[in-house]
Amino acid sequence: MSIVTVQLGQCGNQIGFEVFDALFNDSHCPGGLCSKRENEAYQASCKERFFSEEENGVPVARAVLVDMERKVISQTLSKAARSGRWKYGQHSCFCQKQGSGNNWAYGYSVHGPRHKESIMNLIQKEVEKCDSLSGFFIIMSMAGGTGSGLGAFVTQNLQDQYSSALKMNHIIWPYGTGEVIVQNYNSILTLSHLYRSSDALLVHENDAVHKICAKLMNIKQISFCDINQVLAHQLGSVFQPTYSREGSFHYRRNPLGDLMENLVPHPEFKMLGVRNIPQMSENSLAYSTFTWAGLLKHLRQMLISNAKMEEGIDWQVRPPLSGLPPLGKMSVNKETHFNTSIANLVILRGKDVHSADVGHHRALKRVLCAEHLKIQLSILPG
Amino acid sequence: MTQSVVVQVGQCGNQIGCCFWDLALREHAAVNKKGIYDEAISSFFRNVDTRVVGDGGNISKGKICSLKARAVLIDMEEGVVNEILQGPLRDVFDSKQLITDISGSGNNWAVGHKVFGSLYQEKILEKLRKSAEHCDCLQCFFIIHSMGGGTGSGLGTFLLKVLKDEFPEVYRFVTSIYPSGEDDVITSPYNSILAMKELNEHADCVLPIDNQSLFDIISKIDLMMNSGKLGAAIKPKSLVTSSTGVFKKRQEKPFDAMNNIVANLLLNLTSSARFEGSLNMDLNEIIMNLVPFPQLHYLVSSLTPLYTLADVNIPPRRLDQMFSDAFSKDHQLIRADPKHSLYLACALMVRGNVQISDLRRNIERLKPSLQFVSWNQEGWKTSLCSVPPVGHSHSLLALANNTCVKPTFIDLRERFIRLYKKKAHLHHYLQIEGMEESCFTEAVSSLSALIQEYNQLDATKSMPVEDLPRLNIAM
């Protein structure tokens, strides 16, 4: 089943490009740990989800690009075309001449209704190209005007028009020290609207990803390109094909369905986060070895202590033992550090995945695995 | 891509405008090597086939044929405009986009505003409409004028009302040159205060600049160049004051260097809207973010670096120095000390090879020394443009909505009151039809109200941030 991606605003479009690039590179990566047959099955599954076929064999991303001004979209289209290996559909973009001016109201009440027809038509065309639709993945930022305002409007319309399709919104939480002055207004307005119309909100915080770039990837001068690549890496590990433990070696067909089923048990709690391990630069990868036990231990502690990356984890935080009264020495502060998640999903990727013992953590629901190239691991708490 | 039209009024406005167009051409020539008329150029220039007579010559794509500036030149005496039309830029201006008269306004705001305003209203409207028609999507009018004279101040502010009525959706950015302490025009306080009232009511955003600060910046650069410090060879093209790329010992025209600074300001302001970058900022975003209340739309600006040393390797320390300089009172384009006053909002527009981590690091470093208003502690707006200005590898424009503009206004009011108490020179104004004493009193009370607003904000400076009661979520 396929996912149609809607990229909104400068942020959405820049991230969207990196996501498709990462997905494509991952599925076409030479050399690997599994057989040719498995490789081909993986590639085919990934392709079905995110790319459609073009006449001359170049895969076209299943995406609709929307922005209120032209610069970013033209940049994105040319970057994709330059790579030569995949590209965006020529007619899958919609732009206007003047941006939204960081004004949520502009995006939602002016641009939205004005361009509703055109944008929904573009999405319709993309949907028709799919054999079966799993749902929509909408990438947007919360601080700006187009991504936030128009994003909220589009999500609402998708709910009206495609009520049976799932929608996951990928929202970017702005920097705490401010990148847009009215970001608080825009963010609150967006969240309140999305909460009603979206099925799941996958949150990425600029601050957290920035720290990952600085500490784990060791990048000296971090650009938005670096940040987006880390983001794309994390998203890729969530969306690439997986198969369930019980089942055979056939890949699961409904990515969004799986995620929602496991992570959104109650419609009121739909904010998701991603934790990825290991996250490091390509250079360091050659010098590291991993074991499942070690990775899982780190990941579990990351979850418990609410850390976003594998460095600087607070190992002192422990979950309270069920049924027993809290120890007298535990201060109130310690308790608030403990992450209470409603649902978790672990995705394991890599060699000997079946030997990994995920343990008996209480809230753990399901485990999806994939025998493929990179060793990835993520947990998504609700 | 949107277009902007520049309206230059009066001698000062036209001279600055001239420097602006010169620099704009250089910038686009440096960036656009292939000579294709692209969207970046179209924001300020039209591509015209000069062989076609009349209006049909506009070419929207393809190679550059002949560039015409999207400008309207207005002056009530012919000298300055004629000089421009005979100078090196004569082909850039459309000869139909001029409005001139012969006698000038005599440093009298009333003549500029009331007499010439009513006389030329139709003609002005016609020229503005024409330039708007040539635009695909007009976003902004840039008005350049001085406050102390007669034409720039009077007719320039008359224009604002016309623009507001005729094009209500188009933003009006005004670059105003305020008179310095030792200004040579005696009636400049009257002219400025009368003009301020119009700016208060009809402008969307004002960038106040004063001659003394520009002069101080020039002196600083001169000092730097003549001191002959070891390793301090400056790249000649990189001076924020240079226009021709050749370093001249003495500028031919006395105000050229200062005008170039203002021209650079306008270019940097629009750079993120014209060129690509990883975090774009359009002109409407400037107004959206930096103007919290409609009355408080005066932005203090500063440009750094003022020059680039010929040393190619720029260690991060120099980059950080650029950020620190942007907040020092020596680099502001108006007499102001933003560090010791209250910030309502601040925008940092970076050009060149600067990434988000550099920006973040510097914001975090400088934040503790700056005071932000209690309801907007994270009042930063940032933008990154990948194209640096000509001759530099990176540059920073800081726009601050800060209460440090208050002293300039208070000063202006003092000088006004000193003259007005004696009713000196008043009869020149009152003899113009439509002018009465009430115009003066209204103008000064409008300014006083503005100063009062800033005072109120300043009073909240030392108050602790109020902690509002929050809802408790039941677990």
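Me: How much area is buried between chain A and chain B?

Reply: First, some housekeeping: this is a predicted model, where local features need pLDDT of at least 70, side-chain atom pairs count only at pLDDT 80 or more, and totals for chains, interfaces and linings use all residues. Residues are numbered from 1 along each chain as its sequence is written, chains are lettered from A and ligands numbered from 1 in the order in which they are written, and side-chain values use heavy atoms, leaving out hydrogens and water. Now, buried area is the accessible area (1.4 Å probe) that two parts lose on being put together, summed over both. Here chains A and B bury about 2900 Å², with carbon and sulfur atoms giving 48% of that. On chain A's side, A:K71, A:T177 and A:I181 supply 24% of the area the chain buries against chain B, more than any other three residues.

Me: And how many residues of each chain are in contact?

Reply: Contact means heavy atoms within 4.5 Å. By that rule, 30 residues of chain A touch 39 residues of chain B.

Me: Is B:T2 buried or exposed?

Reply: Buried means under 20% relative accessible area, exposed over 50%, and partly exposed in between (1.4 Å probe, protein chains only). B:T2 has a relative accessible area of 7%, so it counts as buried. Setting aside neighbours within four places in sequence, B:T2 has contacts that include A:K97 and A:Q98 as well as B:S43 and B:D282.

Me: Which side chain does B:T2 join in a polar contact?

Reply: A polar contact is a pair of N or O atoms within 3.5 Å; within protein, one must be able to donate a hydrogen and the other to accept it, and residues adjacent in sequence count only if both atoms are side-chain atoms. For B:T2 the partner is B:Q139, at 3.0 Å. Elsewhere, the side chains of B:D101 and B:Y120 make one of 2.3 Å. B:D101 is buried too, at 16% relative accessibility.

Me: What about helix packing: at what angle do helix 5 and helix 6 of chain A pack?

Reply: Helices (H or I, at least four residues) and strands (E, at least two) are DSSP runs, numbered from the N terminus. Axes are lines fitted to C-alpha atoms, for helices over the stretch in contact, and angles run from 0 to 180 degrees between N-to-C directions. Helix 5 (residues 146-161) and helix 6 (residues 183-197) of chain A pack at about 10°, with axes 9 Å apart. That makes the two roughly parallel (angles under 35 degrees; over 145 is roughly antiparallel, 65 to 115 roughly perpendicular, the rest oblique).
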